[in-house]
Amino acid sequence: MKQSRQFLVFGKVQGVGFRRFVKAKVDVINEEEMKISGYVCNLSDGSVRVVAQGSKEDLQKLYEILSVGTIKSEVSHIEVSDVAKAEFDSFEILR
């Protein structure tokens, strides 16, 4: 059963390739079939928002990826919340 979650990632996560990193990692997870869909975008407060839909296991995998981040990023904390179910056709970087 698919779930929809929002991950707000705080710390040094803008200007360090974080969105491209998240997209690349999701693309690897999705190689065989669409498992995670949604988007990643920067917010004006310096955080990054990830809205994703997938199985509980795949969303946990995404959380672990977000927690580690890139070599240049420093993730201080992540706020996770359930969001209204929305259908996404892919996983995209929003500008």
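In what order do the five strands of the open sheet follow one another? The views below come from a predicted model, and the first of them takes up this question.

**View 1. The open sheet, strand by strand.** Five strands make up this open sheet, and reading across it gives E4-E1-E3-E2-E5. The pairing is mixed. As a reminder, strands of a sheet pair through backbone hydrogen bonds, either parallel or antiparallel. At the edges stand strand E4 (74-82) and strand E5 (91-93); each has a single partner strand, so one side of each has no neighbour in the sheet. On average, neighbouring strands here are turned by 15° against each other, direction ignored.

**View 2. Where E2 meets E3.** Zoom in on E2 and strand E3 (residues 48-54), and you will find the two running antiparallel, joined by six bridges. A handy residue for finding your place is Gly38, whose bridge partner in E3 is Ala52.

**View 3. Two helices lying across the strands.** Helix H1 lies across strand E1 (3-12) and also across E2, E3, E4 and E5. Its direction is at about 165° to E5. Helix H2 (residues 56-68) lies across E1, E3 and E4, and runs at about 5° to E1.

**View 4. The annotated active site.** The unreviewed UniProt entry places the feature "active site" at Arg19 and Asn42. These positions are spread over 24 residues of sequence, yet they cluster in space, with a largest C-alpha distance of 7.9 Å. Arg19 is found in helix H1 (residues 18-29), while Asn42 belongs to strand E2 (residues 37-42).

View 5. Is Arg19 buried or exposed? Arg19 counts as buried because its relative accessibility is 19%, and the cut-off for buried is under 20%. Setting aside residues up to four places away in sequence, Arg19 touches Val40, Cys41 and Asn42, along with Ile93, Leu94 and Arg95.

View 6. With a relative accessible area of 30%, Asn42 is partly exposed.

Note on methods
Residues are numbered from 1 along each chain as its sequence is written. This is a predicted model: local features need pLDDT of at least 70, side-chain atom pairs count only at pLDDT 80 or more; totals for chains, interfaces and linings use all residues. Side-chain values use heavy atoms; hydrogens and water are left out. UniProt positions are given in the numbering used here, feature names are shortened, and annotations may be inferred rather than shown by experiment. Helices (H or I, at least four residues) and strands (E, at least two) are DSSP runs, numbered from the N terminus. Buried means under 20% relative accessible area, exposed over 50%, partly exposed in between (1.4 Å probe, protein chains only). Contact means heavy atoms within 4.5 Å. Two strands pair if DSSP finds at least two bridges between them. Axes are lines fitted to C-alpha atoms, for helices over the stretch in contact, and angles run from 0 to 180 degrees between N-to-C directions.
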